[in-house]
Amino acid sequence: MTLPLPQGAIDCDVHPSVPSTKALLPYFDEYWREAIIGRGIDRLNLDITSYPPGAPLSGRADWRPKQGNPGSDIELMRRQALDAFGSRFAILNCLHAAQIFHSEDMGAAFCRAINDWLAKEWLEREPRFRASIVVPTQSPELAVEEIERRAGDHRFVQVLMLAGDEMPLGRRHYWPIYRAAERHGLPIGIHAGSLYRHAPTPGGWPSYYLEDYVSYAGGFESTLLSLVAEGVFVKFPRLKVVFIESGFTWLPACLWRFEKTWRGVRSEIPWVDRPPAQIVRDHIRFTLQPIDEPPHPGQLELVLEQMGSDKLLLFSTDYPHWQFDGDAVLPRPLSGALARKILIDNPLDTYPRLAETVATGGKERVQ
Amino acid sequence: MTTEVLERKPSEKETRLQIIDCDIHPTMGSLSDLNPWLSQRWQQHIVTYGEFVRQGLSKTLSHPRMQPAVSRADAWPPNGGLPGSHLPFMQEQHLDANGVEYGVLQPLRPNGNSQRNLEFGAALSSALNEWQLAVWTGKDKRLKGSISVTQEWPEAAVKEIERHAGNADFIQVALPPRSSEPLGRRRYWPIYRAAVEHGLPIGLHVSGVNGHTSTASGSPSFYIEEHHHNVQSMQGLVTSFVLEGVFEEFPALKIVLIEGGFGWVPALSWRLDKHWAKMRDEVPHVKRPPSEYIREHVWYTTQPIEEPENPEHLIDLIDWIGWDRLLFSTDYPHWDFDDPHTVFKVKLTEAQKQQLFRGNAQKLYGLK
C-alpha cells in the first residue's frame, strides 16, 4: 500500500558504503597510511558479518549499483534515496569494520578516516546529506576525541554505535561518549549489528544469517534495558538515543515486561524512580524501517496505540537495505497527522542540529 | 520492596475453580538428598569436587536474586526447610488451597543439564528423576514429573527418556533454554526423535548455564535485566527450532515454553515471516512461513502473566497467539507467583477460563 509522502521528509537511515580501503587512504595520517599499505590491510576484504553485501537484505535488487557494493554510488543514492522520496535530508550511517578491530588505535584511525571521507566525498557533494560520527567504541576516550574533532561541523548530527558491543551500552564504561554527545546536542544512534564479541543469542551461535538478523531485535531490547537500568538518562537528562533499523513492533511487550519486573525488584536500581516506559518514551526513538508489521488489518494500529506515544518513530528508508518494495515505505495506518510527525516533526525534535538548520534557513555551521 | 504478606480469602465461587498448574518447583535440602540414587563414586565426587559449570560461582548465579531462595516470604515451611521442600506444606498452602487438579514439577537444582563433566551431569539427571518419583509423584498423584536429561550428551539423554517414557508419572522431557548451542541444531535431534516416539512434549523452563552471556553485548549488570533476558532465550530457541527445520523433521514435536512470557510471540512471528520471505533461499528446508510452525508446535505457560498498560490488550494478545496455546502456571513457591484467583485483570468467558486453567494442559499432556 503506497501513500503519497509529504514533501520535506527527513530520512534518518541511509547507508553509504566505503568502496575499498584504498578509497580511505588519503584520509589516514602518514603512519597509518604506511602501516595499512605495508601490512596489506588495503588488500583485505573488510566485509562485516552483520551485513553480507550479497545478502538480499543488504541491497534491494533495484538499488544495487552495476559495480561495487550497495550504497557505494553517490549518484544512485541521490536519485533513489533523496529524489524518489522527496527527502529534505538523509542521515548517512556508515557501517564499517572500524569498530570491530580489536586495536583501539586502529579503530580510531579508521573512524577518523571514515568521518573525513564522509565530509569530503558525500557531505560536500550533496547538501541534503547529513552524517553520523563513527566512533571507536573500543576506547571511550578515543571516541570522545573523535566527537570533539568533528562536532564543530554541524552536518554531523549524531554519534553512531552498534547494538552489539563489548559490554551492554548502558555501562559506565561508555558514559564519556554520552557526556560528549549530550554536550554537543548529538543524539546517540545505535544501529543494528554486532561486533560479535559475544554470541548473538543467550543460547549461543545460530546457524543462519536470517537467524542472526531476526535476533538483532532482541539485542535492541537488551540495549534498551541496559540504558534505562544503569541510569544513563538520569545522568544525562538531555540525551536522546535513536534505535536504527531495530524494528519497533516488539516495543510494547518489552515495556510491559520491564514495568512489571521493575515493580517487583525496583529496589535493585533505586535511581530509576519512575516507570521505565515513561523514560523510554522521553528518551528513545526508533527509525521506521524495517516495520516488521503484523499481517492483518487493524493490528498495526493497535501496536501503534500500545507504543503509547506518536513521537517515537522517525522516518527511514534504510536505503539500500531491502525492507520494502517500490515506494511503499509508509503503510496505510501511518497516514495523515501521524505521517507528518514521523516524516518531519519527530526527526526535527530528535536532532537539534537539523532543527537549527531549518530555523536558520539552511545555513548550518561548518566548523 | 514490600515483604508483607497480603491476606486475601478467595470467594466461595472462586475456590471451585479446578486448575492444572504447569510450573511448580520442588526443592531439595542439599545434593546429598540424591545419594540413594547415586553410585559411591558420584556421592564422593560431590563431596570432593561438587558442581562444575561455565560460570564463576559454582553453586549460585552471579546475579544474586532479590528474595531469599527466590521465594514468596510466606512459602517457608514450618519445619524450617526451604520453600518447595516439604510436600505437606505445599499441599496445604498451594495444591489444596488453590484447587490444583494436577501440578507439573519443574525441579531446577541440581542442574545435571549444565555440568561440564557430562558423566556427572547424566548421573545427577538420573538421580533427580528418581527423586521426583520417590519424594513427590509417588506421594501425591496430582503431581507429574519432567524427565531431566543431559542434552549435551544426547545418547545418555535418549537412554534416560527411554527409561521413564512408559511411566505416566512423567509427562514431558525437560531441557534448559540456555543449552550450549541454539536448541534447533542437529546435535539435539536424537532427543526430539525420542520425545516424539514416546509422545512426550519438550518442556523448556528458564534455566541453563551455557557460558554465553544473556545479551549480544555481554552480561548485564543487574538481576532485573538478566531476568528479562529469559525472553531473549525463548525467542532464540523458537527461532532456532523453526529455522533449523526441526518441525519439518518432527511434525509431531510439541514444545512448551515455561516462565518465558508470551507477549513477545506476535512481534517475533511477524519479524520472522517478513525476513524469511526475503531470505528463504538460505533455509530452503523451511517450507512455510515461520509463524505457521510457531502456531502449531509451541505452547506457553502464563506466569509471569503479561500486564499490558491497557489490561484489555491481553485479550488481543491471546487472540493473536491462540487461546489453545496457553497453559496456566503459578511458579509456586517463587516470589513472582501468579495467584489463579487474581491473575487475570480482564474478564474471561467461562470457555476461555476452562481452556487456560485446565483444558489446554489436559489435552497437551494427555491428563485424564
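In this predicted model, helix α13 of chain B has the buried residues Q355(B), L356(B), F357(B), R358(B), N360(B), A361(B) and Y365(B). Their cover includes four strands of chain B, namely β1 (19–24), β2 (100–105), β4 (170–175) and β8 (326–327).

The helix runs over residues 350–365, 16 residues in total; at 1.5 Å a residue these should span 22 Å, and the end C-alpha atoms are 22 Å apart, so the two values agree. Just after the helix, G366(B) adopts a positive phi of about 65 degrees.

The largest nonpolar core contains 194 residues, and I114(A), V159(A) and V173(B) have the most contacts inside it. Helix α7 of chain A (residues 209–229) gives the most to this core, twelve residues. Beyond its neighbours within four places in sequence, V173(B) contacts I147(B), V149(B), I161(B), I191(B), A195(B), L200(B), I202(B) and G203(B). In soluble globular proteins, nonpolar side chains tend to be buried together.

The contact between the chains takes 61 residues from chain A and 60 residues from chain B. Helices of chain B that each supply at least two residues of the side touching chain A are listed below.

| Helix of chain B | Residues |
|---|---|
| α7(B) | 223–228 |
| α8(B) | 230–243 |
| α10(B) | 265–279 |
| α12(B) | 313–321 |

α10(B) provides the largest share of that side, ten residues. By class, the side of chain B that touches chain A comprises 23 nonpolar, 23 polar and 14 charged residues.

How values were computed
Residues are numbered from 1 along each chain as its sequence is written. Chains are lettered from A and ligands numbered from 1 in the order in which they are written. This is a predicted model: local features need pLDDT of at least 70, side-chain atom pairs count only at pLDDT 80 or more; totals for chains, interfaces and linings use all residues. Two residues are in contact if their C-beta atoms, placed from the backbone, lie within 7 Å. Ala, Val, Leu, Ile, Met, Phe, Trp, Tyr, Cys and Pro count as nonpolar, Asp, Glu, Lys and Arg as charged, and the others, Gly among them, as polar. A nonpolar core is a set of buried Ala, Val, Leu, Ile, Met, Phe, Trp, Tyr and Cys residues joined through C-beta atoms within 7 Å. A residue is buried if 20 or more other C-beta atoms lie within 10 Å of its own, exposed if 12 or fewer, and partly exposed in between; C-beta atoms are placed from the backbone. The expected span of a helix is 1.5 Å times one less than its number of residues.
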